[in-house]
Every structure is written in C-alpha cells, then in structure tokens.
Amino acid sequence: MSLIKVKIGVVVFPGSNCDHDAHYVSETIMGQDARLIWHKEGSIGNVDIVILPGGFSYGDYLRCGAIARFSPVMKDVVRFANNGGLVIGICNGFQVLTEAGLLPGVLLRNRSLLFACKYLHLRVENADTKFTNQCKKGELLEIPIAHGEGNYYSDSETLKHLEGNNQIVFRYCDRFGKVTDEANPNGSLKNIAGIINGTGNVLGMMPHPERASDPILKHTDGKKIFESMIQNIQSQFQLVESLVAERSI
Amino acid sequence: MFHSKVYVTLKKSILDPQGKAVEQGIHSLGFESVENVRIGKYIEMDVDANSQNEAERITKEISEKLLANLVMESFTSTTERIKE
C-alpha cells in the first residue's frame, strides 16, 4: 500500500519567524506536502495538520498571542480544531492557542525575566497521543527552547484536571530524566513544557521540535513529534484504503 | 464621546518578577519603606456611545475579551464624558 503524502499547513502571522523552519522540516526532512498559510486567508484550505509556528506575532504587543488570535485565519483554525483536526502550536503558537481558548492556562513571563535560549531535556509524560506515538513514555528528548514568556500557569483546578486527564505531555527535566526545579528554565508550574487538549488533537509546547529535526544540526529528537503526527494521519488513510479495498472485493 | 482608562495588573496570586526587580531598585534608591510594587499596563481610548452606561459596558467587554487575560490579570477602568 502506498503512503499518501500528508498535507501540512503552516500559518504565517506578521512577526512569525519559525514558519519557514517548520515548513522546511515538514517538506524537506519529512517528505510531506507543506504550504505556508498567510494569516489573512479566510480558510486554511485542505490540510491534515496545522502548525502555528514560533516567533513574535504582532510584535508580542499587549500580550504574546493576544492579537494573533483575531487574525482572519484563526476562525478556520478553531473550526478545524473543533472538528478534530490536528493542530500543534510551537512557542508563540502555544501562546496563541491559549489566547484563543483552544488550550487552558497561560504563558507568563519567565521567572528570571530573561529570554531563555538553550538546548534542554524534556520527559515524555504521555506517549499515547497523536503527537507522541513514536516516543516511549518516560523517554527523554533533547530539544531547544527560545522564549521570554514560557512560564506555564493555570489555576489549581485546571492543573488538577490536566494531571488527572494525562494532558501534560512534556515536562522539563535534567539529563537523567529527573523533573527538578533546577531543570525548570522558566518557572512553569510542575515543569510543564507541553500540554494537550481534552480531545487529544491540539498540542501546545514551548520547545522547538523543528529546530531539532535536521541531522545537519546534530539533534534530531524533534523529528519524533513530526513522525508521530504524520504516522497518525497516514494510519487513518490506510484504514480508509483497506475499508475501500474490502468493499470492492 | 467618552474617554475610558483601563489599568491591567497581574492578579495578586501571581508572582510579578518585574515588580520585584523594580522594588529592589526602589530599595537601592534608599526608599526601604516601599513594598508590594506591581507593574501593569495602562490603556486609554475614546468611546463613541449614547450613554455613560453604554460606554462603560463597551469598555468592560473590551477589557475582558482583549486587554486583560483574566487567567492571570485583573483590570479596573474609569469612563468619563469628554467634550466633542
């Protein structure tokens, strides 16, 4: 059975700066069909995965992601997400997702007040998602962060809900996999680096998997996130194909 | 025409490291008696409305939906009539 190429749309807001990296990894490294979607487009078109990339949409004016949420394309992104479409928000994309109400909580200023830009380790807390199915639970991924506002916060009830529902997908940890305060780069509650929504189709993460996917950059752990999403879509295609094949026999 | 002023600050329950840093600066300046420094945002705008009530309602809605993120921030606002 031939594998159909997955269609990946990368939204470009004014001020996005990881859009081309995400597009490059999707197309050149992963070999899928990728296209950039300008934020003024009213529709995301026919795509299987939407990426909200990192950057400084609208110059981070007012709050990170606060204005991007009102971009024309976001209405269709919300519709797509509510219909079960895969949406991943990376860094600024994560901030946009919380502002748009697709993910709970908020990203506060780093507790150090400093922009944090470095490689660090993430522990995969939930490998049973559409974004981490190519990882193992407890596996460590080395993926860089680059943000000034990545300090995840939510009220205690929301946090309890996230923990109880297994919605915390990644936590910052040291190189031995220990989740410690020293390994927390920004002050995030419970070292949270990435969360998923209740229906499992929207993920937000502060670290940049697209910056750790090209072998030329040495680190390739980020590829596993792309592989997981692609695997999820392709397995759906295969299921449909096999059903069609069964019928035509 | 009305003029609204909106003040947005981090909720009390949320640590304000920027405020803390400024507080240290104030102490270094010699004002040891100052505490609880919080940094916020100030937004002003003119609102074309038929009544004080309407202008206040519009200001409140904008503040809740855009100017403040109520997960982490709270706001206060004032609205007063200005001459045309």
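To list what a residue touches, I count two residues as in contact if their C-beta atoms, placed from the backbone, lie within 7 Å. I also keep in mind that this is a predicted model.

**Entry: the core**

I looked up the largest nonpolar core and found 71 residues in it. Which members touch the most other members? They are V11(A), V50(A), I51(A), V77(A) and V87(A). As background, I noted that in soluble globular proteins nonpolar side chains tend to be buried together.

I then picked V87(A) and left out residues up to four places away in sequence. V87(A) touches V50(A) and V77(A), along with L52(A), F80(A), A81(A), L102(A), N201(A) and V202(A).

**Entry: where the chains meet**

I checked chain A against chain B next. Ten residues of chain A are in contact with nine residues of chain B. On the chain A side, I sorted the residues into five nonpolar, two polar and three charged.

**Entry: chain B**

How many helices and strands does chain B have? I found two helices and three strands, and along the sequence they follow the pattern β-α-β-α-β. The radius of gyration of chain B is 16 Å, well over the 12 Å that the globule rule gives for 84 residues, so chain B is more spread out than a compact globule.

I also boxed up the C-alpha atoms of chain B: along the principal axes they fill roughly 50 × 30 × 15 Å. Of the 84 residues of chain B, 17% count as buried. Finally, I took the contacts in chain B between residues at least 6 apart in sequence, and 67% of them join residues at least 24 apart.

Definitions and conventions:
Residues are numbered from 1 along each chain as its sequence is written. Chains are lettered from A and ligands numbered from 1 in the order in which they are written. This is a predicted model: local features need pLDDT of at least 70, side-chain atom pairs count only at pLDDT 80 or more; totals for chains, interfaces and linings use all residues. A nonpolar core is a set of buried Ala, Val, Leu, Ile, Met, Phe, Trp, Tyr and Cys residues joined through C-beta atoms within 7 Å. A residue is buried if 20 or more other C-beta atoms lie within 10 Å of its own, exposed if 12 or fewer, and partly exposed in between; C-beta atoms are placed from the backbone. Ala, Val, Leu, Ile, Met, Phe, Trp, Tyr, Cys and Pro count as nonpolar, Asp, Glu, Lys and Arg as charged, and the others, Gly among them, as polar. Helices (H or I, at least four residues) and strands (E, at least two) are DSSP runs, numbered from the N terminus. The radius of gyration is taken over C-alpha atoms; the globule rule is 2.2 Å times the number of residues to the power 0.38.
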